[in-house]
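Welcome, and thanks for opening your viewer. Please load the model and get ready to select a few side chains along the way.

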Amino acid sequence: MTDAEPDDDAIHGVTLTDISHQGLMAANAGHLIPGAHVLLEVPLVGWREAEVRWIAGNRAGCRFADPLTLDELRLAAVSSERLAGECPALAEAIANMPPLE
């Protein structure tokens, strides 16, 4: 995990909509530019470096410079309001998993 912190050029209002160990998709991100290197705050994980790989309308796909570990991915999934709302049993099962690493 990087110790990087955001600076005064931070972009706000981007919403995480999908995440994997290698990257994420975000909404409200149409202003990002493919190829740009950005710092993203992953819920319960912290700041991660990523490259914007694509833009489609108001969505962006980003690839992490260093993939998330399974424990980091689990933490990010547990923080998802969408997961908790649509699959509460799965969200609870993920939250109660013992650490993998």
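A salt bridge here is a side-chain nitrogen of Lys or Arg within 4 Å of a carboxyl oxygen of Asp or Glu. Keep that in mind while you look around this predicted model.

Start by selecting R74 and D71: their side chains meet in a salt bridge, with N and O 3.9 Å apart. Both residues belong to helix α1, three positions apart, or about one turn of the helix.

Now zoom out and colour the chain by secondary structure.

Next, select R48 and E72, another salt-bridge pair, whose closest N and O atoms lie 2.9 Å apart. This pair links distant parts of the chain: R48 sits in strand β4 (residues 46-56) and E72 in helix α1 (residues 70-78), 24 residues apart. Both R48 and E72 are buried.

Then move to R53 and E51, which form a salt bridge with 3.7 Å between the closest N and O atoms. Here R53 is partly exposed at 44% relative accessible area, and E51 is partly exposed at 26%.

The structure holds three salt bridges. To finish, show the surface: the chain exposes about 6,500 Å², with carbon and sulfur atoms supplying 54% of it. Of the 101 residues in the chain, 27% are buried.

Key: Residues numbered from 1 in each chain as written. Predicted model: local features only at pLDDT ≥ 70, side-chain atom pairs only at ≥ 80, totals over all residues. Heavy atoms only, no water. Buried < 20%, exposed > 50% of the residue type's maximum accessible area, 1.4 Å probe, protein only. Areas by Shrake-Rupley, 256 points an atom, 1.4 Å probe, with all protein chains shown as cover. Helix = DSSP H or I, 4+ residues; strand = E, 2+ residues; numbered from the N terminus.
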